Amino acid sequence: MGGQCPHCVEHSRASYTPSLPDKENAMTIEWYNWCGYAGVLLVVLAFLLLQVQKLHGNGWIYQLMNVLGAVGLMLSLVFGTFNLPAFLMELAWALIGIYGIVFSQRRRRDRPRGETDA
């Protein structure tokens, strides 16, 4: 066992008892985890609604759901366990969604009266 005497190794095994979370904190979910869960729900729901043709891919509701979902996931990454690749993906997701919202608003503003999105 790497230079330790057998007595010390045996003593350390005998004194080890795994600790369980106390009952008060067992079901506590931090606020940033709730943001992450809500973010996942928004992104997945937006994708589902797009697939069943309830939302348009260039519509502002679809884009807003993606932006808010990405922000929720970024909050969970910043305040929880940080993961740079996941954060960068969510940042790109949010920026693309913001671009989509801005572009959609400009298109609506510049569209002749009476014309609607197909």
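Q: Before we start, what counts as a contact here?
A: Contact means heavy atoms within 4.5 Å. With that, Ser 76 touches Tyr 32, Gly 36 and Thr 81, leaving out residues up to four places away in sequence. This is a predicted model, where local features need pLDDT of at least 70, side-chain atom pairs count only at pLDDT 80 or more, and totals for chains, interfaces and linings use all residues. Residues are numbered from 1 along each chain as its sequence is written, and side-chain values use heavy atoms, without hydrogens and water.

Q: Nice. Which helix is Ser 76 in, and is Ser 76 buried or exposed?
A: Ser 76 sits in helix α3 (helices are DSSP runs of H or I, at least four residues, numbered from the N terminus). Ser 76 is buried because its relative accessibility is 14% (buried means under 20% relative accessible area, exposed over 50%, partly exposed in between, with a 1.4 Å probe and protein chains only).

Q: What does its side chain reach?
A: The Ser 76 side chain reaches the backbone oxygen of Leu 73 at 2.8 Å.

Q: Switching topic: how many salt bridges does the structure hold?
A: One, counted when a side-chain nitrogen of Lys or Arg is within 4 Å of a carboxyl oxygen of Asp or Glu. Asp 110 pairs with Arg 109, with the closest N and O atoms 3.5 Å apart.

Q: And how accessible are those two, Asp 110 and Arg 109?
A: Asp 110 is exposed at 56% relative accessible area, and Arg 109 is exposed too, at 61%.

Q: Last one: where does Leu 91 lie?
A: Leu 91 lies in helix α4, and counts as partly exposed because its relative accessibility is 32%.

Note on methods: Helices (H or I, at least four residues) and strands (E, at least two) are DSSP runs, numbered from the N terminus. A polar contact is a pair of N or O atoms within 3.5 Å; within protein, one must be able to donate a hydrogen and the other to accept it, and residues adjacent in sequence count only if both atoms are side-chain atoms.
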